[in-house]
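Visitor: I am new to reading models of this kind, and I would like to go through one with you slowly, asking questions as they come to me.

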Amino acid sequence: MVPEMGHFALALALALALVQSVLPLIGVAKKNLLWMGSTRATSVGQLLFVALAFASLMWSFVVSDFTVLNVAENSHSLKPLLFKVAGTWGSHEGSLLLWVLILVVFGASVSLFGSNIPEAVKARTLSVQAWISVGFLSFLLLTSNPFERVFPPPPDGRDLNPLLQDVGLAMHPPLLYFGYVGFSIVFSFAVAALLEGRIDAAWARWVRPWTLAAWMSLTAGIALGSWWAYYELGWGGWWFWDPVENVSFMPWLLGTALLHSAIVTEKRDAFKSWTILLAILTFSLSLLGTFIVRSGLLTSVHAFAVDPERGLYILMLLGISICGSLALYAWRAPMMEGGGLFKPISRESGLMLNNLILAAATGSVLVGTLYPLFLEAVTGEKVSVGPPFFNITFVPIMLPLIFIMGIGPFLSWKRSDFKGVLQRLKFVAVLTVLATLAAWYFISGGPVLGYVSIFFSVWLFLATVREWALRIRLFELPMATALRRAKGLPRAAHGMTLAHVGLSIAMFGFIGSSIWKSEEIAFVEPGSVVSIAGFEVTFNGVERVRGPNYFAERGSLSVKKDGKLVTTLFPERRNYPVAQSSTTESAIRSTLAGDLYASISEPSSKKARESGQWTLRILYEPLVNLIWVGSLILFLGGGVSLSDRRLRVGAPRPAVKDAQAVPAE
Amino acid sequence: MFRILVIMVVLLLPPVSAYAVEPDEILPDPVLEARARDISKKLRCVVCQNQDIDSSNAGVARDLRLMVRERLIEGDNDKEVLDFIRARYGDFVLLNPPFQPKTAVLWLTPAAFAVVVLLAGAIILVRHRSKPGADVLSAEEEAEVREFVKAQQAGNRT
Amino acid sequence: MARLLASLPFFIALFLGIFFLWGLNPDRDPNEIPSVLIAQPVPEFQLEAIEGLSVPGLARSDLVNASQPIVVNVFASWCVPCRAEHRVLTDLVEREGIRLFGINYKDQPADAVRWLSELGNPYERIGSDLTGRAGIEWGISGVPETFIVGETGTVLYRYVGPIIGDEAVRKIGTVLKQAGAFASE
């Protein structure tokens, strides 16, 4: 009963989406306010129905209704409740339903909370959003119905892949999708602007909060996925340039460019073509990601259900939306009036370089990810493009950007006094060089790239802090005055400072954990001691334990430093009998200075196994937690910007009473 | 029976966790061992989905790791070891695609992007530099402004 | 000029779309790796016979200058699909008269002997590859894999996976016929 309700609700949502994709546009053409305003009813209606469908699926999982095929294939009665709930979006069908849910959430939000957006713009935007809804809802209903039944129901489910039974990973898709799908609304705004034939500073201001929200989610989703890979997959890595990781990273790169380009459009009425193009491309890359993960096109550890038929449907959706919007862009964009002039040394030129470099980086990742497919199609040969390629091409393109990021905030709009900027940065430059030399002296054994990266990270950190300090005149005025100035600054300024600082901190984490990582591998038996990074680790033996749906061999490790016991670690080898697979659960001791990361496994060598030995692997990853800390600060920076009052207050309307002066920037 | 199960799990199912170099593979010479680890990170595990042989616990991956070390002990340099494996498994096994006619597009594209960025940056600099007087008012314009301001102030006083 | 630049993204997207369409071809297996050995001479290797089996071992010299094309099958007693394939291979030997050599991959001799005595031994020669080293020379990634070697010792074809089902048997048959395996009948 409940699944059928959910199924019917989806059909109703599709009907509403069809109405919303046509009626408001006719309303705009005929200047009919009623029809334009119909979006309120249709978008909220879509939200209610899709939410109902989502809730029915979740309920089926929670009560373990195995007559629903999706539940039977992805769940098990013994699974802990949290993972039963998360199983709702753990499969192709379920995750697509989540995708659509977030799509309609954004649509309804614009309708309900976008009071400062003119009716015609809102109508067009929500119509475009509805086209996307129609596409995905029909895809769901026609090829990927989550509510399909199976009779007779199996006695129990097939269980969810044990790798996915993890809190971090349960939250990763919702956050990621909020990001991917959030950019759909920016896409809709962009296409609506192209349809209207003009874009102005106000448009950029309406678009900014949605862009920020989507960007924040994507940042969190990627960071969470990375963190999960780090502690779950068992070998201390956090990024593998796997195709599916790349397709989440590319929208993030372009989304960052979009965020910054929109600022120029808002402040200086320039970069219009760029911003529109970025808005279209960012969402296009999100769609591309959806396609690649579900179509079986590329090999990847992540790939979902591999089904070429579904892949074809998504490709059609992709073709229509991407080629359609880009064709519209090719036709309309040149008509958009250009904006303000600016000098070579100005904030605009800095942001122009930002756009270009991020686009180049995205392009490199795209080429690397798709090249194996391209080559195979043209010559039939197979080639691998792995981490070495991406590291060699991506890093050199991005490092100059890090340098520019340090200077950018010092530049003023339109034209900037370069000598003055250099003067203000002199001290920072000297400190950076000193810090790099100190690193070179005290931290030995690194490749040149390591010290070069340290240089750029320190530069970014110091330059960002220096800019903030200068703005509030921290060292010139008494502390209280400076702090008052800080409070008076628009939140977006703090957001920028936080975000850039967050990135620099994360960079320290990237550098420490990849370049200065150390590792020890040994056969151990109870009593063996392994030394690493100043720690003495004693292996105490292994015992058998039981979990809700697994058996495990749990090792015990005593970690001592300078003779004192610091902690005990319990790495496990788990075996999930129903899913017939096993996982390695590493044990990690985390501090800001670094992680001690241990795992055990049965040796391949028969001799070692027969003498009761285990293989112990310990990694020491310096500063790795700065990656997560930095990402969090990056995320918060976005949040602080989002909370800026100016994003919610529209342009002052000529009112009877005096309008409150809004602090301008 | 258990051993068969373990091997089946290892070879027939995708390797789920990785962390694969075993203590009995490690060479006594740390320099050679470091080179072996480095080379292993450049070789693809052919039975896995997108992993290198250094981090895969598939049987073939282990064999290849041992093979790499054998070649290093024989005195091959890094390139010769990679070529040895490549001769048997094809270019697909190299995670760093070699620069050849068929991968020219792959390697040149990022370079092309970098060049485009530099060019674009240069063009911006040159283009805007050629309009020096854009925001400086000429003498007549200055006079016009002064008149206008005077008139406004006069108007305000009435 | 602006129009041209603005149309560029559209054409790039179209271009990529065509490749994706091609990539969706259901016959395409993104995990399949082409063998480097095709049209190359048989690799250098020398394997002893399985201990306890009267069938002789296998080396490169046995595959060069043979009287007819030879099927080289890589198998192991611990490999479940090999069991299913064994039936088909025995059939091909007995009914079609193909010459079948084997490489016993990473198998304990006692296990292999037991397996073959239980299922029957269609192999004329079997090399015992205890370490998997010969397997690497042949560029195999798992078991079972089957190669077809021509009379001059050139590798003509590689089949990954068990040879079961009409499709697989037909493919092998076609290659063998082209190589002249059945000409002497």
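Visitor: What is the handedness of the crossing of helix 17 of chain A and helix 19 of chain A?

Guide: This is a predicted model, in which local features need pLDDT of at least 70 and side-chain atom pairs count only at pLDDT 80 or more, while totals for chains, interfaces and linings use all residues. Residues are numbered from 1 along each chain as its sequence is written, and chains are lettered from A and ligands numbered from 1 in the order in which they are written. A crossing is left-handed if the near helix is turned anticlockwise from the far one by less than a right angle, and right-handed if clockwise. For helix 17 and helix 19 of chain A, the crossing is left-handed.

Visitor: Are helix 17 of chain A and helix 19 of chain A roughly parallel or roughly antiparallel to each other?

Guide: The axes of helix 17 (residues 491–515) and helix 19 (residues 625–642) of chain A come within 7 Å and cross at roughly 165 degrees. Angles under 35 degrees count as roughly parallel and those over 145 as roughly antiparallel. Helix 17 and helix 19 of chain A are therefore roughly antiparallel.

Visitor: How many residues of chain B are in contact with chain C?

Guide: Two residues are in contact if their C-beta atoms, placed from the backbone, lie within 7 Å. On the side of chain C, eleven residues take part, and the number in chain B is 15.

Terms used
Axes are lines fitted to C-alpha atoms, for helices over the stretch in contact, and angles run from 0 to 180 degrees between N-to-C directions. Helices (H or I, at least four residues) and strands (E, at least two) are DSSP runs, numbered from the N terminus. Angles under 35 degrees count as roughly parallel, over 145 as roughly antiparallel, 65 to 115 as roughly perpendicular and the rest as oblique.
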